[in-house]
Amino acid sequence: MINRVVLVGRLTRDPELRSTGSGTSVASFTMAVNRQFTNAQGERQADFVNCVIWRKAAENFVNFTDKGSLVAVEGRLQTRSYDNAEGQRVFVTEVVIDNFSLLESKSQADARRREGGGGFNQNQSQQTSNYSSQSNTQNQTHNDNQSFTDPFADSGNTIDISDDDLPF
């Protein structure tokens, strides 16, 4: 059986670091992960995934991330249950993280913190506008390059290529 989860998203809040009775560090956090499609209004929705990370990795994760941090995580899906104070059985599904990667530089993280404390939606709209301006610049550059002349078009000369000249 295979139980692997790979997610890329932003933290919805600062991760919470706790210790078990035996002193083992554990951190919990929630990631907002965009869906690949848009709804009928053209808006992209997100799933909010509960995650937990253990031991030294938990301490490192808490030290280097905060609300709004862009991270990639890898782990396994786990379901557990417990009885709450009212005696009801509560089921919890979460991703137990084995590995993580920080996907923004320290300077990007610092800039995000200065701009508004790591707001998730604010960064998404800023990235979207950056992408669209880059895309427009690339389209303009591509359109300008369409006026180049092809050195092999209409020259009337044939090109002799043997099988030994081909790399495949």
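Predicted model: local features only at pLDDT ≥ 70, side-chain atom pairs only at ≥ 80, totals over all residues.
Visitor: Why is the pair of Phe29 and Phe61 called stacked?

Guide: The ring centres of Phe29 and Phe61 are 4.4 Å apart, with 25° between the planes.

Visitor: What makes Phe29 and Phe61 a tie between parts apart in sequence?

Guide: Phe29 lies in strand S3 (residues 25-38) and Phe61 in helix H1 (residues 55-64), so the pair joins parts that are 32 residues apart in sequence.

Visitor: Why is the pair of Phe61 and Phe100 called edge-to-face?

Guide: Their planes stand at 90° and their centres are 5.0 Å apart. Planes over 60 degrees apart count as edge-to-face, so the pair receives that name. Phe100 belongs to strand S6 (residues 89-102), and the pair ties together parts 39 residues apart in sequence.

Visitor: How do you know whether Phe61 is buried or exposed?

Guide: Phe61 has a relative accessible area of 0%. Buried means under 20%, so Phe61 is buried. Phe29 is buried as well.

Visitor: Which residues have the most contacts inside the largest nonpolar core?

Guide: That core has 17 residues, and those with the most contacts inside it are Leu7, Phe29, Met31, Ile53, Val73 and Ile97. S3 gives the most to this core, with 4 residues.

Visitor: What is Val73 in contact with, leaving aside neighbours within four places in sequence?

Guide: Its partners include Leu7, Phe29, Met31, Ile97 and Phe100.

Definitions and conventions
Residues numbered from 1 in each chain as written. Heavy atoms only, no water. Phe/Tyr/Trp six-rings, centres within 6.5 Å; stacked < 30°, edge-to-face > 60°. Helix = DSSP H or I, 4+ residues; strand = E, 2+ residues; numbered from the N terminus. Buried < 20%, exposed > 50% of the residue type's maximum accessible area, 1.4 Å probe, protein only. Core = buried A, V, L, I, M, F, W, Y, C linked by side-chain atoms within 4.5 Å. Contact = heavy atoms within 4.5 Å.
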